[in-house]
Amino acid sequence: MSSNSTGTTQSDILSPTRNSHRFIDETIIFIMRQINIVLLLAVFLPSLSPSHLTADDWRVWRGPTLNNHTPDTAIDSIPLTWSPTENVLWKSPIPGLGHASPIIVDQRIFVLTHEPDTQTISLLQYGLDDGQQAQRVVLHENVIPPKYLHKKNTCASGTPSSDGSVIYVVAQVNDTIQASAVALDGEILWQQTVAPYQVSSKFWFGYGSSLLLLDDSVVVAVDTDNDDRGLYALAKDTGEQRWKASRPSGASYSSPILANVSGRSQIVISGGAEVVSYDPASGKQIWTVPATTDTTCGTMVWNDSMVFASGGYPRSGTFGIEVSGDQAEIVWENKVKCYEQSLLIAGDYLYGIGNNGVGYCWRASDGTEMWKQRMKGPHSASPLLIGDRIYASNERGETWVYRASPDGFERLATNRLGDISFATPVYADGRLILRHGSRESDERKEYLYAIGK
């Protein structure tokens, strides 16, 4: 007897008197199952950002997982060692300078840069396969660095984000924070002034936060010590403000990030001597704890039930914070300052590189120090996890590769390209993309490098 898709046999079909009720019942069950599948897709797919659906892309700050973790397959294609003559697939010059990390969308690399000679901020496009520059979109003109701009900052320090069809950019343009939306073909779709950005007191170093891309909005942090401070959500399609959340008073530079903690998606950010959680739909504050210090720069990380932050200025500290529903409390802290660079969570352990050039591994649950190791520095770029390896570039153009293990520090390699590095390494489609610089004839020159086997 052969069967059809409903599970009935040919003899069943030829005997409607005996099996008509069974056939109808099984058909209804089959249809209801299909309806349930469609309903489940309708519920869950809109909640997933497109950046999470393409493992071969690196569309946003901190990558597809928002935690600087690469796909599992990345370890097979990224070498331990490289040099100007080894495992460099291509090298391409970047006009101007910036500390924004590259992003990769559909085999295209997008890089933000500021060119002091032309006083422009531009979005550059390169081919992932060959490194050839394919496009330059001027976003802002007459951009003059403010006098207070820190020597470790630039006018192009915030990493762009993309949903796969549009690139979103935020930058300081003189005395304002500006957001832009640019189509992949280079058309500027909209530009919006997010907020004024004017120096008023202490701790001013110039803007450096990266935006957070949600399904329907772009979230921009403007942490200042005046009334213009806030967390701003702009509609992705128009740039119009959807909501604004209050922020503690103080000049700070951390980026907001979307964390799933204790089963709930929430925006978390440090700065202003607080760690705060916000509802991504409304901007309503969920919880806050007095942690870190006045000024922080790093982006927070998390695991199932805890979030972690480090900073800052003028005081130092790394904090583990337990989250339960609408409540949070500090469960451990120490005096280590991981300031510009972000932390890295890998399994049950937290890794960081202090401003003193010492690398650390802590047990995430209680902050127990597993090891610490002197590393060459200083470090401003954030560490990247590839398999069981950590790749961390310091400001001198060296990328340290060491084991993500609590059993002790195990250095695997140290690789140098140029002598300047502030942007975080990123991964896409079998390639490690680095933004490094070199001092040539007393002038800083920047380059993109593709590393691979």
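Two strands pair if DSSP finds at least two bridges between them, and strands themselves are DSSP runs of E covering at least two residues, numbered from the N terminus, with helices being H or I runs of at least four.

**View 1. Strands β27 and β28 side by side.** Here five bridges link β27 (residues 389-393) with β28 (residues 398-403), and the two run antiparallel. Look for A392, whose bridge partner in β28 is W400. This is a predicted model, in which local features need pLDDT of at least 70, side-chain atom pairs count only at pLDDT 80 or more, and totals for chains, interfaces and linings use all residues. Residues are numbered from 1 along each chain as its sequence is written, and side-chain values use heavy atoms, leaving out hydrogens and water.

View 2. Four strands line up in the order β26-β27-β28-β29 with antiparallel pairing. At its edges sit β26 (384-386) and β29 (411-416), each pairing on one side only.

**View 3. The hairpin of β16 and β17.** Strand β16 (residues 274-278) meets strand β17 (residues 285-289) in the antiparallel sense, over four bridges. S277 has W287 as its bridge partner in β17. Six residues lie between the strands, and in this hairpin G283 takes a positive phi near 80°.

**View 4. Stepping back to the whole chain.** The protein chain has two helices and 32 strands. Of its 453 residues, 56% count as buried, meaning under 20% relative accessible area with a 1.4 Å probe, protein chains only.

Note on methods. Buried means under 20% relative accessible area, exposed over 50%, partly exposed in between (1.4 Å probe, protein chains only).
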